[in-house]
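User: I'd like to learn how to read the features of a protein model. Could you walk me through this one?

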Amino acid sequence: MEEQYYDDHSNSNFKDIMPTAISSFFSAYAPFAGYMFMLQSMNTNFLPYEFNSYVYSYLKSSLSYLLDPQANHITLLIDNSSDEDYSDEIYDSAEVYLATKINPKTQIFRISKAPKQKVPILGVTTNQEITDTFEDINVKWRMIFPKENDGYYSSVYKSRMELTFHRKHKDKVINSYIPYVLARAKAIKDAEKTLKLYSYNSKRSSVFKISRGRSHGSDDDDDFAPSSGKWSCIDLEHPATFETMAMEPELKRMIIEDLDKFVKRREFYKRVGKAWKRGYLLYGPPGTGKSSLVAAMANHLHFNIYDLELTSISSNDKLRKALMSTTNRSIVVFEDIDCSKGSINRESAEKKFMVSEAKFTLSGLLNVVDGLWSSCGDERIIVFTTNHKERLDPALLRPGRMDMHIHMSYCTPKGFKTLASNYLGIQDTSEHRLCGEIEALVESTNITPAEVCEELMRGGGDGDEADAALEGLVNCLKRKRLETNKIEDEEVGKAKRQKTDYNASEISENW
Ligand SMILES: Nc1ncnc2c1ncn2[C@@H]1O[C@H](COP(=O)(O)OP(=O)(O)OP(=O)(O)O)[C@@H](O)[C@H]1O
């Protein structure tokens, strides 16, 4: 048997208060009836008909409320349509939202899980009542199914939600509570959704990919052909998060705050008439975590990633089409923006972005990013990555295009601490005999986090393995230090020789 749950404000309340209401009604009624009788005899003789009828209808409705407390409540019906092609957003959202409102006392509820879902979903069952409070409003939800012999209704809906509340709250329920349920359900679904990585380039496997899942775009091989102009899609299984990123904590905090602020500012962007998008430029040497940071951003915001390698785009038109087919709440990544033969530079001879035989212009790129595309989508994040910021055209770096420039640097002592904790489980580096030396070496050596990770990967098991990995890292750092010293010595020697040659020529000229 399915449980019916009533809370303090639901039916049980009305039932409980009923006898009291009726007795108080009758005790109040006797003098009231006498008074009414007197009034009526006066009325019929002295007062106009319209006034009488108004008074009577008012009294009638007041009395009906007293006798039937439900009369001051209204119920909205939300149908899960029998039409397979139509799905009602309010119904779907209510199902998701109410799963979070199931009372701890509930004994029966539904549970389901689709193959791609991370966690099972709970749901309400037939006739179960769920109460909810929104601001000062109490509402009551109930899910019902048409009866078996109810031919007409079963052809109209598969199931139905009833939402009951006091009629004085009608506007607030419709204009505030329902949108609140929609927004909450969206946030819940977003948190549970499997993120996707869309890739435009078929020739190169994406840097974000950890393992290639099944393509969800289509099984059609043409989807992987760059000429088809379609995105192919796999599950994003990149495990990077802000916790696992080896970066300066202050920078990390700034990025997280910036992202969180951005997603909360829908109304702000609307008010100031700006497209709801934000641009980030990630620059730094290879292996410093630019791609990992994009994955961490996607995991933090629950946004899909569109990975656009510009070498796969052969014209402005193709670029526009590729971007127009991206969806809201996504991160579009223009990777290695400097990797073209000529780099993107407005001043270059033909003002063309040379990619093999393919050509598209910087203005084409900027037009799409700033123009139509950005205004017909919401919650877009655009990320440009480069190993050579200095090669980029200033037009690309202008504020408004790239709102935040993030320098992904060589590994720092704080970055090492994060990696030692991630890879070797060392929470306090001061307790390990090698960590102090490593931190000093990291401070004075250009080593990328990727190189540090590679060394630490050798550990990860018991204490001996961790020691071996850290010793490997010390050796690697010392080798790098020596190489750096050698290069620096060579450069100093070269500079000295040049100075000597210059002085010699100056002396010979003076002669
Ligand atoms: N800052 C970092 N924090 C944690 N891990 C990192 C970091 N940088 C690099 N790594 C590790 O190194 C690997 C390669 O890094 P990643 O591809 O993110 O660097 P990149 O800067 O994008 O390199 P490239 O410029 O060559 O594309 C990552 O999978 C990750 O394991």
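**Charges, strands and salt bridges**

Analyst: Helices are DSSP runs of H or I with at least four residues, strands are runs of E with at least two, and both are numbered from the N terminus. This is a predicted model, in which local features need pLDDT of at least 70 and side-chain atom pairs count only at pLDDT 80 or more, while totals for chains, interfaces and linings use all residues. Residues are numbered from 1 along each chain as its sequence is written, and side-chain values use heavy atoms, leaving out hydrogens and water.

User: Is D489 buried or exposed?

Analyst: Relative accessible area decides that: buried is under 20%, exposed is over 50%, and partly exposed is in between, using a 1.4 Å probe and protein chains only. D489 has 55%, so D489 is exposed.

User: Which residues form a negative surface patch?

Analyst: A patch takes residues with over 30% relative accessible area and no salt bridge, joining like charges within 9 Å and nonpolar side chains (Val, Leu, Ile, Met, Phe, Trp, Tyr) within 5 Å. Asp and Glu count as negative, Lys and Arg as positive, and His and the chain ends are not counted. Each charge is placed at NZ of Lys, CZ of Arg, CG of Asp or CD of Glu. Here, E488, D489, E490 and E491 form the negative patch.

User: And which residues form a nonpolar patch on the surface?

Analyst: That one consists of F109, I111 and L122, with about 270 Å² of accessible area together, as found by the Shrake-Rupley method with a 1.4 Å probe, where only the protein chains shown count as cover for residues. L122 sits in strand β3 (residues 121–123) and is partly exposed at 32%.

User: How should I read a strand such as β14?

Analyst: In a regular strand, side chains alternate between the two faces of the sheet. For β14, R380, I382, F384 and T386 are buried on one side, and I381, V383 and T385 are buried on the other. Seven of the seven residues of β14 (residues 380–386) are buried, so this strand is largely enclosed by the rest of the structure.

User: Which strands are joined to β14 by bridges?

Analyst: Strands pair if DSSP finds at least two bridges between them. Strand β9 (residues 277–283) runs parallel to β14 with seven bridges, and β11 (residues 330–335) is also parallel to β14, with five.

User: How many salt bridges does the structure hold?

Analyst: A salt bridge needs a side-chain nitrogen of Lys or Arg within 4 Å of a carboxyl oxygen of Asp or Glu, and the structure holds 20. In one of them, D378 pairs with R266, the closest N and O atoms being 4.0 Å apart. D378 lies in the loop between α11 (372–375) and β14, and R266 in helix α7 (residues 266–272), so the pair ties together parts that are 112 residues apart in sequence.

User: How far apart are the closest N and O atoms of R320 and D317?

Analyst: They are 2.9 Å apart. Both residues lie in helix α9 (residues 316–324), three residues apart, about one turn of the helix. R320 is partly exposed at 36%, and D317 is partly exposed at 35%.
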